[in-house]
Each structure stands twice: as structure tokens, then as C-alpha cells.
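Have the sequence and the model open beside you.

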Amino acid sequence: MKQLEQILQQTLKNPSLFQDEEFTQSQEFAEIISNIKITLPNGKIDCHYCTNILFMLRRFLKPDFETNIRTILLKSDLIADIIFINGYINFKMRPKFFAQMTHEILDNDIFPNTGIDASGNKTKVNVEYCSINPTGFLHIGHARNAILGDSIARILSKANYDVTKEYYVNDAGNQITLLAQSVQARCLEAHNMPFEFPEGGYVGPEIKELAKLTKPENTLEEIKQISVDYFLSEIKKDLNDLKIFHDVWTHEKDIIKSNFIEKAIEILKAKGYIYYGKREEKKAEKGKIENKDLMLLKTTVFQDDEDRPLTKSDGEWTYLAPDIGYHLNKIERGFGYLICVLGADHDSYARRIKIATKLLKEDIQHATPIVQMVSFEHEGQHVKFSKRAGNSIRTRDFIKEIHPDIVRYMMLAKTPGTPFVFDYESACTVSMKNPVFYIQYAHARGNSIFRNTTVTQKLHEKAFAFTMPEFQEIIIILSSFKNTLNEAALQLAPHIIAHYSQRLAESMHKLWQIGKTDSTKRIIIDGNEEETQSRLAITKAFLNVLATCLETLGINAPESMN
RNA sequence: GCGCUCUUAGCUCAGUGGAAGAGCGACGGCCUUCUAAGCCGCAGGUCGCAGGUUCAAAUCCUGCAGGGCGCGCCA
């Protein structure tokens with residue numbers, strides 16, 4: 001594809017194509033020509049690649065430009081034909097082009113593991129995701145965040161970023177105190193001792209279970225530790241079952257102990273972003289709390305509605321302060337790119353922490369992909385998963401019934417910004433309602449070929465396969481993998497890989513099927529070793545790319561379907 | 001009231017300036033041959049509505065309507 005782009009650029013630099021022969025020297029020409037986009041055509045047009053570049057250049061070209069461009073382009077030994085339709089240039093490529101492309105995929109070391117010269121350039125990136133409070137189990141709503149973050153991290157690693165996957169443990173706030181008080185109460189209750197259940201405390205059977213791990217003589221601090229450890233280890237188990245493994249677990253407690261809050265405040269003070277003042281009366285908890293002077297952060301310099309308090313009237317930090325300390329900690333660890341995957345109910349928080357981070361370090365790259373809510377369909381209505389409604393489903397129970405591969409694919413195939421309506425019936429079906437099987441099946445089919453032959457892959461440029469549309473289609477899709485991966489990395493969008501995988505799988509299924517009625521199109525051609533070797537080379541390239549895709553999605557690439 | 005986001009085929013969704021798409025569902029075909037968990041065909045669209053910018057708008061801008069999520073000194 002890159003080669004085609006270069007050929008086209010070279011061709012268009014020919015001054016004789018233009019009314020004004022000086023035009024190729026102009027800035028405007030340079031800009032247009034640097035934005036050449038080669039794309040795959042829709043199914044209706046019989047060609048391999050196309051480009052819309054002429055739309056931009058048309059008014060500068062001589063009337064007979066089509067004939068001239070065609071003549072020049074056809075001099076290339078990679079291009080078989082040029083067709084002009086509706087202002088597009090459509091390319092038909094020669095077999096040599098397909099052979100070269102296959103060679104590149106197999107030998108260039110870009111597949112399947114490393115060295116893709118993607119946008120990453122070894123940038124140190126921190127992907128923080130699924131940082132749920134250790135006050136309960138991982139439910140299915142959290143799983144979407146976790147799966148998305150994990151896949152983003154996998155894509156970025158493939159795209160040549162230096163990735164750290166991180167979980168931030170909120171183990172220092174009021175929620176943890178409330179949790180520990182709830183557990184303590186249940187513990188005392190179980191020992192028939194007097195107890196007082198905290199207002200708004202944590203209820204649910206897991207609290208009573210947890211209480212069994214504690215003793216009446218434990219201090220609140222000890223109970224906090226026991227509770228956090230318990231839930232974290234449970235969360236970790238569930239994540240591991242979904243093939244999610246964080247590299248670093250950072251605890252809020254440690255951030256506080258290491259004085260990162262104070263350090264961050266000092267930096268912000270030095271930059272003049274901190275001042276003391278009162279908030280507007282109506283904002284001050286509607287008069288419930290005395291409107292004292294608070295430490296405020298000038299988030300309004302980056303279009304926030306109002307400056308945000310860092311201290312409460314009782315002198316304690318607000319939630320924002322430790323989080324800013326945590327982000328300073330990330331910055332000090334040398335990350336140039338911070339990614340923080342958040343739920344839709346945190347989008348206003350996302351804005352604030354982004355501003356705060358920018359105030360700490362102007363040139364930091366910071367993205368906060370937002371995952372929309374997960375709901376499910378019940379009697380024709382969309383019902384939200386919610387703890388309070390008692391219909392929250394623990395991930396562990398969920399994946400007992402539905403394989404993690406299916407759960408992952410279902411959640412990754414959509415853009416994160418679309419609310420997810422979980423279709424339980426489809427999830428349990430083994431058919432195209434579950435495209436993950438379709439993709440895995442294509443991988444298994446490709447592998448079965450290698451079990452059925454002793455011939456090994458080797459590329460012969462003259463192979464007949466390179467003239468055959470079914471093989472050409474596979475190679476064309478393979479050739480766009482690099483761009484696809486880069487795009488997914490740039491947009492932090494695993495669904496781009498999911499859709500690509502489906503299309504790639506389709507090209508193999510088509511080839512396979514046609515081999516059933518036309519034996520010349522099978523991969524293994526008895527009595528013709530060179531042809532078979534070349535076809536195996538294409539199949540191998542296909543398997544490498546598809547396995548890479550499945551790896552970035554965190555989905556198993558099976559060698560056979562059982 | 002304000003902010004973010006969404007509205008594309010019967011359903012679930014891709015598509016961020018360039019030729020309207022996929023899967024499911026419906027209908028009709030295809031296995032004595034490398035895995036039929038598959039393939040082929042057919043049907044299905046005023047891209048929420050109205051303006052604007054552009055050679056070109058589902059895509060960008062403005063307004064409107066409808067859905068979702070937020071809008072504490074809680075985290």
C-alpha cells in the first residue's frame with residue numbers, strides 16, 4: 001500500500017499534467033499531495049485499491065489528464081490497470097504486487113510480535129483502568145471498563161508504546177472507613193456484643209462473610225486492612241479470569257504517606273493556581289455547612305465552570321487532592337502519556353483531573369476514554385445493573401455461564417461511547433450471533449491446513465495463487481493491518497481491531513468454501529509442491545495477523561474448535 | 001437550567017469531509033473433497049428534523065426534537 005502511495009505521488013509530480021506547469025512547485029500542491037489516501041474499494045467496483053486524490057487536483061489538471069496519468073502509472077510493473085469512475089482512480093494490481101506484499105508480511109518482522117513502526121515510538125504510557133474501590137466485588141459494569149482498558153493497553157504495546165497497566169486503589173477515604181465500620185459492626189454482632197451499624201453502611205452478605213475474618217479486638221485500622229486485602233484479592237481473581245493483569249497497583253495510602261499531595265500543592269502554589277476563598281453561597285451545600293475559606297484550585301483557567309475546592313471546611317482534603325498527588329506521582333515516574341479509563345458517571349471528574357494534571361505539567365498527554373453504562377434487557381425494557389436494585393451481577397458468576405472470550409468480544413466490538421445493552425440470549429448462542437466464534441473458526445481452519453500436509457510454506461513469486469481474486473482479497477486485507485493497528489492505537493479504540501478481524505476472517509471462510517466446489521482454489525494442491533508452498537505462505541501470513549488481532553483483544557486463538 | 005454524549009436497515013451496531021455498510025432476523029439455494037461454528041443469492045435506508053459552510057456533508061457549524069450520563073466540601 002505504501003508502495004502504491006509512492007508511485008502515485010511520483011506520478012502526480014509530473015508538471016506536464018497541469019495547466020500551470022509551475023503548480024507542482026506550489027505550497028498548495030505540496031499539501032494536497034502529502035494527504036494522499038489510498039483506500040479499499042466498496043464491493044461494487046472491480047479493483048484492488050482506490051483514491052480520491054483527483055477531487056482536490058481536478059481544477060488544476062489539463063483536460064486530457066486521465067489518459068496521461070494512466071500512461072505514466074501503467075509503466076509500473078506493479079499496476080495492471082487504471083480505471084477512472086466518478087472522479088476516483090481505481091487500481092488493479094499485478095500478481096507481483098501480491099507476492100511482494102506477502103513477502104513483506106512474512107519476512108519484515110512486523111508480524112506477529114514487534115517492530116511495527118507505529119505511532120508509539122516507545123513513548124512511556126500509563127494506562128490506568130478498572131480502579132474500582134475495594135469495597136465490593138467486580139460486577140459486570142466494571143468489567144466493561146476493565147476489558148476496554150486491558151485491550152487498549154495490549155494495542156498500545158503492539159503499536160510500539162512502552163506500556164504500564166495500572167490499578168489505583170482508593171484505600172484511604174471515607175468509603176473505606178465506612179466499610180470497616182460496617183464489618184466491625186457485623187463482627188461484634190456475630191459475637192453477640194453490643195454494636196452500632198453505621199448510617200449508610202455497607203450491607204450485603206459479603207460483609208458478613210468478611211466479618212468472619214475479623215475479631216472483636218481488631219482495631220478499625222486492622223479491619224480496614226483486612227477488608228481491603230480481601231476485596232482486592234477477589235477483584236484480582238476475577239480480573240485474571242478475564243485475562244486482565246495489571247503491572248502496578250498503586251495505593252492511595254502510599255501516595256499520602258509519601259507526601260505527594262503536599263508536593264503537588266507546592267507546585268501548583270508556585271505556579272499561582274491556588275488561592276484561599278469562599279465559594280458562592282448557593283454552592284456551599286445550600287447553607288448546611290458554614291461557608292468558610294477553603295483552598296481552591298483555579299480550574300477555570302481551562303474552562304471549568306468554577307474553581308474547585310481542595311480542602312473541606314473541617315480541614316481535610318477533598319477527593320481531588322489525593323488524586324492530584326497521584327497524578328504527580330505518575331508524572332514523576334516519567335510517563336509522557338497518561339490514559340485513564342473512566343465510566344460515564346465520572347465524565348465531569350475526568351474533565352477536572354485532566355485540567356489539574358495540565359496545571360501540574362503543561363505538555364503532558366492525557367486521555368480519558370469514557371465507557372458508557374452496561375444494562376440488560378428484561379421483558380422488553382432496559383434495566384440498569386445496580387447494587388441498590390439488587391440486580392448487580394458479579395463478574396465471577398457471569399463468566400461461569402458465558403465464556404470470557406465471548407464477554408470480551410461483545411464488549412470490545414462496540415465503540416466505548418455506546419451504552420451497552422447486554423443480550424443474554426445471544427451471548428449463550430453458538431452461532432454468528434457470537435462473531436467471536438466466526439473469527440476463531442477462521443483461525444482454526446487455517447491451522448488445520450498445516451496439520452493436513454507435510455509441505456511447509458515458501459513463497460514463489462510466480463505462483464498462480466497471486467492471480468486469484470480469493471487469495472488477493474486476503475492479501476489486500478492483510479496489507480492494511482498496520483494502518484488499522486495504528487488507527488486503533490491513536491483512537492484508543494479496540495473495536496477497530498474487532499471489526500477488522502471479522503473482515504479478515506471472512507476472507508478466509510470465503511476462500512475455504514470456494515475450495516469445496518473448485519479444487520483449483522484449495523490451499524493444498526496435490527502434486528504441485530511450489531503452488532502449495534506459496535498458498536501455505538499466504539495462509540501463514542493470515543494466521544500471524546489474525547492471531548495478533550486476537551491477542552490485542554485478549555481472546556484465545558484456538559488451533560482447532562472442539 | 002447547565003455540561004458531556006447519543007439518534008444510520010425490522011433488531012444490535014460500524015462508518016469524523018469523498019462511491020451509504022456489517023451481523024442478526026426474514027426468504028431462496030449450497031456438503032461422496034483441507035472443520036457447514038461455513039458459503040452464495042434476495043429483500044430491507046427521506047443517515048432524528050430544519051437551516052448553513054463546501055466542488056463534495058451521515059460526517060463540520062447553528063438551531064430544534066428525543067434518549068443516556070453527570071452537575072456536593074461523597075469518592
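**Before you start**

Ile82 has Phe91 of strand 4 as its opposite residue. This is a predicted model, in which local features need pLDDT of at least 70, side-chain atom pairs count only at pLDDT 80 or more, and totals for chains, interfaces and linings use all residues. Residues are numbered from 1 along each chain as its sequence is written, chains are lettered from A and ligands numbered from 1 in the order written, and side-chain values use heavy atoms, leaving out hydrogens and water.

**Exercise 1.** Find how strand 3 and strand 4 are joined.

*Solution.* Step one: strands are DSSP runs of E with at least two residues, helices runs of H or I with at least four, numbered from the N terminus. Two strands pair if DSSP finds at least two bridges between them. Step two: strand 3 (residues 79-85) and strand 4 (residues 88-93) are antiparallel, with six bridges. Step three: two residues separate them in a hairpin, and Asn86 in the turn has a positive phi of about 50 degrees.

**Exercise 2.** Locate Asn160 and decide whether it is buried or exposed.

*Solution.* Look in the loop between helix 6 (140-158) and strand 6 (162-169). Asn160 has a positive phi near 75 degrees. Its relative accessible area is 18%, so it is buried (under 20%; exposed is over 50%, partly exposed in between, with a 1.4 Å probe and protein chains only).

**Exercise 3.** Which side chains have an N or O atom 2.5 Å or 2.9 Å from a phosphate oxygen of RNA strand B?

*Solution.* Tyr438 is the one at 2.5 Å. His495 is the one at 2.9 Å.

Key: A polar contact is a pair of N or O atoms within 3.5 Å; within protein, one must be able to donate a hydrogen and the other to accept it, and residues adjacent in sequence count only if both atoms are side-chain atoms.
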